[in-house]
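Student: I'd like to learn how to read the features of a protein model, one at a time. Could you walk me through this one?

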Amino acid sequence: MKLPPLEGERPPLRCPFSLLGIETEPREAPVSICPFLSILQLLQLTPARACHNSQWHPSLLRRANQLYLNVKQAPCRVILSVNGCLLCCLPFVAEMEDEVGGECCDSRFPKLEISSGKLARFADGCAVVKLGETAVMVTAVSKTKTSQSQFLPLVVDYRQKGAAVGRIPTNYLRRELGVTDHEILTSRLIDRSIRPLFPAGYYYDTQVGYFASAALALSDIPWNGPIGAVRVGMIDGEVVINPTRKEMSSSTLNLVVSGAPRNHIVMLEAAADNILQQDFCHAIKVGLKHTQQIIQGIQQLVREKGVKKRTDQKLFTTPEEIVKYAQQLASEKVTAVFSDFTHDKVSICIHIISCSRVPSRFFLEKFPGADSYEITESFNVVAKEIFRNLIINEYRRCDGRDFNTLRNITCEVDLFKTLHGSALFQRGQTQVLCTVTFDSLESSIKSDLITTVARYFPPYATNEIGRVSGSNRRELGHGALAEKALKPVIPNKFPFTIRVTSEVLESNGSSSMASACGGSLALMDAGVPISSPVAGVAIGLITKPNPEKVGDIENYCLLTDILGIEDYNGDMDFKMAGTNKGITALQADIKIPGIPLKIVMEAIQQATVAKKEILQIMSKVIAKPRPSRKENGPLVENIQVPATKRARFLGPGGYNLKKLLAETGVTVSQVDEDTFSIFAPVPEAMYEAKEFINEICKDDQDYQLEFGAIYTATITELRDAGVMVKLYPNMTPVLLHNSQLDQRKIKHPSAIGLQIGQEIQVKYFGRDPTDGRMRLSRKVLQSPATSVVKTLSEKRSIGNAVHESANSA
């Protein structure tokens, strides 16, 4: 369809924006897409037909541009489809192109495509999401029968398949086996993004996968989404949305922002290279802006598909009348407990439990239909409400601190002399013992110098009894957070692999940030030249909802250095770590359906102030790394092994190196052609290793051998390949191969009568330049075997004789 140009107008131009989706990086929040859809209706075109239209009237372009005045660039496109059919297009109009036949869309940026209705149709919800050439399928399933849990039993399972990248798994069975650490951390990230948006009291088994927002929004599962998530990088000071893997290698920021509608944030996860606070805040703002575009696309897809949510499922909420009765019985006692600042973690729990010990018959007489869960939960609701009201209304915390005060902090280093580095960090009732261990570079399971931050959270840390086993998902996630906090300050060139271990001995809030503080102290105690000390702190949030407007916050309080009970009864666990200069790691777990950007900015500022205060306390114990490592620490030295001695140094099949490892624990690795690196776990082992190497590599050539000279050699051993000979008594025997024993080809030295102890004459031809072996020959000293020499005249006579005989015949 072509429109004739109006009088005085330029000829129609090719559409300067893609009709297949969003291409945007708007400087302001994008407006509704409805005006653009109305333009398509004015043209009497369906979206699918409009996509094929290549000529647009300039006046129509101006009308579209007026709807999107603030849009300048287009970094992302969204295609929405159901059952393989295009539903609608959500364009953000870019600047006009004057050149006819220009490209319809900017190919510099990847296209985000969301489709549903074709795959996995037995699932409650399924979506296929493509970003450029990367595609994921996500499903969401929730049972209709209730579970026995008193919480949301949500399972997020993210898996990567080898075929997706054109690889076959390298394990023995050549198949995907157990879940990897990367998949666990990704699953946790998704879980923290979607869990706050489930309705309160929704206790039904639910399982989702990657890009869960689209699958949950398209399903009938009750969920207050959708959400949008983007990865934000920073390259050369510029913010990049959804950078590629190659771009991420040069990025100083790896930030994931999950946003809810109305520009609310539901989850943050970041690893940064010590970037400034203002740059970090700017990246969050840009990322949140782009999440809103994804949310709008999913919302339009849901509207077009006509999704209806379940309404007949029971939400497990305690009846209001039971809560009021529990409040009458226990409110004064609970208030007294929370107002007594002498309580610690254990005693406050004991007293709160005692307040709820009211005979159940009182409730059953008043509420015959009440079950035990409702009675117990009613007291929990009362205790939580009183706890929050004391903070938000009376500005009182249960331990007597104000909102910006840290708990008492004590630090110790060098606790155990045999350890390479150790530190004890105590903050209130949170106690963490951190150790540092050095090992060879070959022992690292990753290319980074700091191979891992292992975090252990045993049951006794919270006065509980349980089985002590391997790291669970929570320990893995908190260890990864501490590793993100410490990694930017580790030097790029360090002769050892570093392993930091964090043992949580007591836990009453923010043990992961205590691990970051203790890990920094232990690294400095071990003599690792870190660029700057690192500290971390957790910020909590208590909000008061607006009763007149659902989703709005009427009042809120931010709490510095939260306790475990403040985390449990609060609305956010905002963990941030960094140096005096900037931020290295951040993780925000938000428990309500999103918070405004303003609260996040205030939390960052409050955490920055607390972080600097913690660094000042730590500096009183150890302000900078020790100038040298401990004397009992490992050593690394390089030695030069010439090619003439390499075979003797390695031994047959690496025998000498294996023997060295078994006897001393020293490992040897080759650096280049003539250089070998020796790693010794302790100085004594290095001394033993040097003696061993000197012994096997010592120069036993007491005599100066002359090239081409003839020497008398003594046979010491007969082998299938030849004989072992010595030219002088203290010489290491060398092999004289069968091919150099005789002019004739032999298979065994005994074929020519050679015996052990026999002396033979050999000629010396120096040493092999590649392996340094001595080259000897007996064959060259023997006269060649006699043979019949046929001359040309003899051949002619034979030829003539044959010719004459033929003629006679």
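Tutor: Gladly, and let's start with contacts: a contact means heavy atoms within 4.5 Å. In the protein chain, 71% of the contacts with a separation of 6 or more are between residues 24 or more positions apart. Keep in mind that this is a predicted model, where local features need pLDDT of at least 70, side-chain atom pairs count only at pLDDT 80 or more, and totals for chains, interfaces and linings use all residues. Residues are numbered from 1 along each chain as its sequence is written, and side-chain values use heavy atoms, with hydrogens and water left out.

Student: How many helices and strands are there in the protein chain?

Tutor: Helices (H or I, at least four residues) and strands (E, at least two) are DSSP runs, numbered from the N terminus. Here the protein chain has 19 helices and 31 strands.

Student: And what percentage of the residues count as buried?

Tutor: Buried means under 20% relative accessible area, exposed means over 50%, and partly exposed lies in between, using a 1.4 Å probe and protein chains only. Of the 809 residues in the protein chain, 47% count as buried. For the surface itself, areas come from the Shrake-Rupley method with a 1.4 Å probe, and for residues only the protein chains shown count as cover. The accessible surface of the protein chain is about 41700 Å², and carbon and sulfur atoms hold 52% of that.

Student: How many aromatic pairs does the structure hold?

Tutor: Rings of Phe, Tyr and Trp (its six-membered ring) pair if their centres lie within 6.5 Å; planes under 30 degrees apart are stacked, over 60 edge-to-face, and the rest tilted. This structure holds ten aromatic pairs. One of them is tilted: phenylalanine 438 with phenylalanine 494, at 5.6 Å centre to centre and 55 degrees between the planes. That pair links distant parts of the chain, 56 residues apart: phenylalanine 438 sits in strand E16 (residues 430–439), and phenylalanine 494 in the loop between helix H12 (473–486) and strand E18 (497–506). Both phenylalanine 438 and phenylalanine 494 are buried.

Student: What kind of aromatic pair do phenylalanine 707 and phenylalanine 765 form?

Tutor: An edge-to-face one, with 6.1 Å centre to centre and 80 degrees between the planes of phenylalanine 707 and phenylalanine 765. This pair also links distant parts of the chain, 58 residues apart: phenylalanine 707 is in the loop between helix H18 (683–697) and strand E27 (710–718), while phenylalanine 765 belongs to strand E30 (residues 759–767). Phenylalanine 707 counts as exposed because its relative accessibility is 56%. Phenylalanine 765 has 27%, so it counts as partly exposed.

Student: Which residues form one aromatic cluster?

Tutor: Phe438, Phe494, Phe496 and Phe679 form one.

Student: How should I read a positive phi?

Tutor: Most residues other than glycine have a negative phi. Serine 510 has a positive phi of about 60 degrees although it is not a glycine. You'll find serine 510 in the loop between E18 and helix H13 (511–525), and it counts as buried because its relative accessibility is 12%. Aspartate 561 also has a positive phi, near 55 degrees. Its place is the loop between strand E20 (553–560) and helix H14 (564–569). With 0% relative accessibility, aspartate 561 therefore counts as buried.

Student: What span is expected for H13, and what does H13 reach?

Tutor: The expected span of a helix is 1.5 Å times one less than its number of residues. H13 has 15 residues and reaches 20 Å from first C-alpha to last, close to the expected 21 Å. H13 is mostly covered, with 15 of its 15 residues buried. Glycine 527, with a positive phi near 85 degrees, follows H13.
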